Amino acid sequence: MPDKPIEGEKRVFMTGNEVVAWAALVAGAEIMYGYPITPQNEIMHYWTRLAPKYGREFLQTEDELSAGFTTVGGVLAGRKAFTATAGPGNTLMQEPMSMAEAMRLPTVVVIQQRGGPSTATVIYSQQEVTMTTLGGNGEGLRIVYSTANHQELFDYTIKAFNTAWKYRFPTFVLGDGYQAKMRESLTIYDPASRGIELVEAEPYFGKPGVPGVDRPPTQLRNTYNVEEELYEVLEGYFRDYQKIAPEVAEHEAFGLEDSDLVVVSHGVVSRACKAAVKELREAGIKVGYFRPITLRPLPVEAIRETASKARQFLVVESAQGQLARLLKEAAFGCPVEMLDLFKPGVGITAEDVVSRVKEIVG
Amino acid sequence: MAKAVKILLAGEGGQGVQSVAEIIAEAANEEGREALYIPNFGVEQRGGVSIAYLQIGDEPIGAPKFQTGDIVIALSDRAVHRTRQYVGPQTLFVYDSSIEGVDDALPTQARKILPIPAIDVSKKELHPRVFNIVIMGAVIKATGVISVEEAKKAIEKKLGYKFEKNPKLRELNFRALERGMELVAQAI
């Protein structure tokens, strides 16, 4: 059996779904649980082809509820486990991921967003932002990376496993149907060759020592009898989350220093926004670019700083204001005006963004 | 730096528009250029017009799909109707001259409209199965996104295993590529 899936690094040209399978492999994922749904099917397809060559495993379940719960089970067994889904599958996945939140389990879920509500389209959208960041009957105790290109899909899938196992919060990689199905170039690599240390998985049960004497007992609960008991546990979780949020939050930005208007977007739409802002700046129109990479936790400090300097935000997304709602909460009290370009379930091009900006600046 | 060249290919399932787009994209990538290819896909398992969006440039590509193509190629009457929306004042619109009854549907705002007898040529001079390679020749001649050498290398990479069994197929495919280029060269 070959030792490492990738030696050193290699430039490749492939679909986003294939990228995810390779990334999970080099991140040391031991098992994928899954149920097919377009547009993420090929993650499973590639994983099932690659995994046996490296001693990794796959289990197809009867639906997404089961895929989510078996992923939870895999993690409880101390394995790096993940699943992938989209759209209505993501809806079902909220129940098991809520359990992962309750037990602080480092599950990794890759979402390739498709049109909604319901079955809608199998193609593309950014309409699973609210659900992926805040879904389930919980408090959004999770980490969500929104990727924009294949390189990031690779980088952040590796990172997702590390973040999950380091901080013990369920972690999501939020892609979309375009990223899933398109082909573009990227460099895949052995994480060690870039100095990336993989956080080791560890079993939850059967640790050495006597529970309660040599170490605290392992107590994993998603059920409480007493209100105050739940409250106390959650208070601890919120404190932990608050503490790690600034470490985890990521964003990218340019052109903020001299701009009254800042274009804010995430994921694949940020490609169009970046191209549009560059083009506009070259034409002498002062406009800035801001993109949260983590949608949960948001880079709140950077958003507030930007929202305090800029006069207007133009929020651009392939959804009816799901990112905008998160931004409004983060920037609450800042005197920024929120303008929008919303195209739910439809792609947005640089031309769309340029013409909207010109409409605003006159 | 120049903007990416935007290419849209549309046809019926089986005409091979997706494989043409993929081969060109891979060839461009091999040349060290930036390429992005995305097929349209829906819930249908068959039927419907097959569309390939392809962009090739020297800098990272922006949005995966686009509103207006630099070159739009329609290979069936339904494809002509479906692709009108992607045609702007700078677009070269190419369609197969054997498609009948689409005169009213042809885009009016294109920079140039170019009928080419690709179906006819592949049927009569070559073999119907290399129709998509004729189209590939037409695309690279019209756009210059990759060199002929790189195109041949890409075809070799894709179909080499078939060429090994039957070397005549190599000749046939390369001839198809060249004929496609000639069709566009003559028309322009």
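In this predicted model, strand β8(A) pairs with strand β2 of chain B, residues 34-39, in the antiparallel sense over two bridges. Arg183(A) has Tyr37(B) in β2(B) as its bridge partner.

This pairing belongs to the topic of how the chains meet. In total, 18 residues of chain A are in contact with 19 residues of chain B. On the side of chain A that touches chain B, the elements giving two or more residues are α7 (177-181), β8 (183-189), α9 (269-282) and α12 (350-361). The residues on that side of chain A comprise ten nonpolar, three polar and five charged.

Next comes a sheet within chain A. Strands of a sheet pair through backbone hydrogen bonds, in either a parallel or an antiparallel manner. Here, five strands of chain A make an open sheet with mixed pairing, in the order β9-β11-β10-β13-β14. The edges are taken by β9 (251-254) and β14 (337-342) of chain A; each has a single partner strand, so one side of each has no neighbour in the sheet. From one strand to the next, the twist averages 20°.

Among the residues involved, His251(A) has Pro292(A) in β11(A) as its bridge partner.

Helix α11(A), residues 322-330, lies across β10 (261-264), β13 (312-317) and β14 of chain A. Relative to β13(A), helix α11(A) runs at about 145°.

Key. Residues numbered from 1 in each chain as written. Chains lettered and ligands numbered in written order. Predicted model: local features only at pLDDT ≥ 70, side-chain atom pairs only at ≥ 80, totals over all residues. Contact = placed C-beta atoms within 7 Å. Helix = DSSP H or I, 4+ residues; strand = E, 2+ residues; numbered from the N terminus. Nonpolar A, V, L, I, M, F, W, Y, C, P; charged D, E, K, R; others polar. Pairing = 2+ DSSP bridges. Axes fitted to C-alpha atoms, helices over the stretch in contact; angles between N-to-C directions.
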